[in-house]
There are 2 protein chains.
Amino acid sequence: MPHSQHSSYSSGKSEIPTAAFSRRAEAAGGPPIANVLMAEALAHPEVISLAAGFVEHDSLPVEEVAAAVQSMLSRRDVALSSLQYGSTIGFPPLRQAIVDRLAAAEGRSPSELAASMERVVITAGSNQLLYLILDTLLDPGDIVLCGSPTYFVFLGIVQNLRGCAVGIEIDAEGMIPEALEERLAWLARRGELDRVKAIYIASYCDNPTGITLAEPRRPKLVDIAKRWSRGNLIRIVEDAAYRDLQCGDVRPYSLRSYDDGGCVALLGTFSKSFSPGIRVGWGLLPSDLLLPVLALKGNLDFGSPQFNQMLVYTALENGALDSHAEGLRRRYHEKIQVTAAALEESLRPIIPIQYVQPAGGLYVWVHLPPDFDTGIDGDFFRACVREGVLYLPGESCFPNEENGVPRNCIRISYSMPSPERLRQGIAALGRAARRTRSGMPGSSTKR
Amino acid sequence: MPHSQHSSYSSGKSEIPTAAFSRRAEAAGGPPIANVLMAEALAHPEVISLAAGFVEHDSLPVEEVAAAVQSMLSRRDVALSSLQYGSTIGFPPLRQAIVDRLAAAEGRSPSELAASMERVVITAGSNQLLYLILDTLLDPGDIVLCGSPTYFVFLGIVQNLRGCAVGIEIDAEGMIPEALEERLAWLARRGELDRVKAIYIASYCDNPTGITLAEPRRPKLVDIAKRWSRGNLIRIVEDAAYRDLQCGDVRPYSLRSYDDGGCVALLGTFSKSFSPGIRVGWGLLPSDLLLPVLALKGNLDFGSPQFNQMLVYTALENGALDSHAEGLRRRYHEKIQVTAAALEESLRPIIPIQYVQPAGGLYVWVHLPPDFDTGIDGDFFRACVREGVLYLPGESCFPNEENGVPRNCIRISYSMPSPERLRQGIAALGRAARRTRSGMPGSSTKR
């Protein structure tokens, strides 16, 4: 963001004062591409958006929220508490319920997990906590390792903090442990190991790839982080935002479950499984990380809204949240099937594509042929807008790479459209691919 | 926060890795004193807390919130929207309603104010926006001018950002324009004017002093900020968090109303006048400040919870919010009378005191004799805890001063206790003062 000239004040001075922003603000750049795409989707409801990372709209828990609010407000002491300030760390019963729920998912007791409510903080979605943790760990120039591609808001945060996101190769099973180890060895040889503060891993139905990190890799990655913690600790920031949307029977334990609690910060949220408009996230943190994170959150907002925390707690306690999440998993599972079938039917006959069918979450990541430029200024994107469909250009999901980043990937979000609209949207992708290919010289490149 | 030693991992290495936090996190220090006092108050309900900056508990708007939620959730399209993601800048109808309400308070049209919803952002209380603006403006070492004393969370934010808060003398009418000008001239002589990025002014019923900035000073302060904007713009960050709690007939226009919109960022909130548990704040920003603030907020939390924004909008539209605020002003006005009477009856007979009776808000700021140390480790504080009352020590509200800060002030928050408990709490202050004085050698010092 360049320093902008500002209209002169009526001070009669010849010098024109300019707006000076902090180096952080200059680093932050404009609004993330998702905001642009979200705004576009909201402005053009006739276009089928496979871009926005919204959760499914029609299944949002209206009745569950109404019941929870009614329950909260019908007891005057509870009602008054819900409307008052709370503590920065968050509503204690909710934090206890989160520990209990986590322990159940891991098949172990809280003490076996070294987990307790004292280490749990409630935040505005897990995203706020991701920001708080990275702000707590990173000085300008410091390094966070991450999958390549990775969550683009994570990249925005690191850029904002003037840190450096370094990509690690992934495959269909997620981050490749050997690639992580090689990168750490390379950084050590360059004398940069002390700058590595964290490894960011979205361990369930990753955004953007939809990939769930394979179970055998989990203890390996934790082990690597610990072994390479020499001058300073290298934390794993495990983002489990999509864990509750993991369909099917294979639901691996968290990376956190392979740790004693000193290395891995585990982040979760009820935004995806319940309601992003209520926006309650949480984290189970290494104890030494808790105090600086709380100091920062105390300055930022004192704590998340008590009303929302008590609402989510009520929906957890009465079972509404978990049964709602179960219903969502069924619905998303169906949409994944629809998406895969439509990709096979409408896109693969036009161009060769590669993708991993996700086990849940909100996204499918599709590789188009290497000669396709899926960027927002490219032919394919323009053809898609013309055919009435939006996607998230893959290029926004890559950390800076020495050799440039792939420009032929797209992220499809299947959550918002109905199955029928999904099919139509993917058919539009197919038409746009045909249009792009036909307009391209030498369109025979194969992967 | 010192680097802490961390238990060694099972890597067999002789070096023990340590937790390295960012310089910002190190600067943030522990949780603010208010958190400590809040926690103490919650843990000891028998102690009368005149410390916590909570709003009055019993008058929180339970019925109003219930009605607003019912109204929102009874229309399915509205209900679904309230549970979905919104935009980073905030819910448009709420932003428009804020502009209209502001224009009414200023007695001018939105266009006369150069105010429009495009410049309004919704945040997690006005506090989050204070953080976002300061993060956007301050590099380490940069200066913000502020009253002395000032809002201690503001001081925590500046410390967190590694900036420098420089105090300006205040009197019973708020910040003294001549003192501001002298300080700017002094900074200019030292070549530090370019480091001055903002002036922070809580313009209505200030926290901690309860003072409302006198009307004639408002245009003067805006003029000074503009005249001294040479190398770079000096913004006024006007915190109007307590404006809706300003009782009585004298309700001065904002500093923003004396500006064309390029200098003053005006911050407001519905936390005090409606519910801190819902936590919806807002800001009307200079247009060039809007984009960097939104970029930061986008990375931090994407936007404030849609549910809460729509709830507040509903309560604004149906009139519940304004009639609730009117009722609060009556109640707080009564408590101010009770507080002043109790100070005269129970404290002044024991020790000489000075205070300005506030026109609203939540606080009275009391000067005790100069030989009283009101700090958390001092005799008076201990005597107060023993007598069953808590206050906020004044020393936490001062920026660092070359000649040290006054240690004989206390902030009394009259909002939470009932009138009866208020009288009891202030009587306990009197007993503690007597106890402290009697234990002190040479207790005849007068102000």
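Which are the buried residues of helix 7 of chain A?

A: The buried residues of helix 7 of chain A are F152(A), V153(A), F154(A), L155(A), G156(A), I157(A), V158(A), Q159(A) and N160(A). Before going further, please keep in mind that this is a predicted model, in which local features need pLDDT of at least 70 and side-chain atom pairs count only at pLDDT 80 or more, while totals for chains, interfaces and linings use all residues. Residues are numbered from 1 along each chain as its sequence is written, and chains are lettered from A, with ligands numbered from 1, in the order in which they are written.

Helix 7 spans residues 152-160 of chain A and is mostly covered, with nine of its nine residues buried. Here a residue is called buried if 20 or more other C-beta atoms lie within 10 Å of its own, exposed if 12 or fewer do, and partly exposed in between, with the C-beta atoms placed from the backbone. Helices (H or I, at least four residues) and strands (E, at least two) are DSSP runs, numbered from the N terminus. Just after helix 7 of chain A, R162(A) takes a positive phi of about 65 degrees.

R386(A) is exposed, with 12 other C-beta atoms within 10 Å. R386(A) and V47(A) are 339 residues apart in sequence, and their C-alpha atoms are 9.2 Å apart in space.

Strand 11 (residues 363-367) of chain A runs antiparallel to strand 14 of chain A and is joined to it by five bridges, with V366(A) as the bridge partner of I410(A). Strand 13 (residues 392-393) of chain A is likewise antiparallel to strand 14 of chain A, with two bridges, and L392(A) stands opposite R411(A).

In chain A there is also an open sheet of eight strands in the order 2-9-8-7-6-3-4-5, with mixed pairing, where two strands pair if DSSP finds at least two bridges between them. Strand 2 (120-123) and strand 5 (174-175) of chain A stand at the edges with a single partner strand each, so one side of each is left without a neighbour in the sheet. Within this sheet, strand 7 (residues 235-239) and strand 8 (residues 264-269) of chain A run parallel and are joined by four bridges, and V264(A) in strand 8 is the bridge partner of I236(A).

Now for the chain as a whole. Chain A has 14 helices and 14 strands. Its radius of gyration, taken over C-alpha atoms, is 23 Å, close to the 22 Å that the globule rule (2.2 Å times the number of residues to the power 0.38) gives for 447 residues, so chain A is as compact as a globular protein of that length. Of those 447 residues, 56% count as buried.

Chain B can be laid on chain A with an RMSD of 0.0 Å by a turn of 180 degrees and a shift of 0.0 Å along the axis, which is the relation of a two-fold axis; the copies are superposed by least squares on the C-alpha atoms of residues with pLDDT of at least 70 in both. In all, 86 residues of chain B are in contact with 86 residues of chain A, a contact meaning that the C-beta atoms, placed from the backbone, lie within 7 Å. As 100% of the interface residues of chain B are also interface residues in chain A, the copies meet through the same surface.

Finally, a word on confidence. Chain A averages a pLDDT of 91, and 92% of its residues score at least 70, pLDDT being the predictor's confidence in each residue, from 0 to 100. Over residues 1-14 of chain A, however, pLDDT stays under 50, and over residues 441-447 of chain A it is below 50 as well. Where pLDDT is low, the predicted coordinates should not be read in detail.

Key: Two residues are in contact if their C-beta atoms, placed from the backbone, lie within 7 Å.
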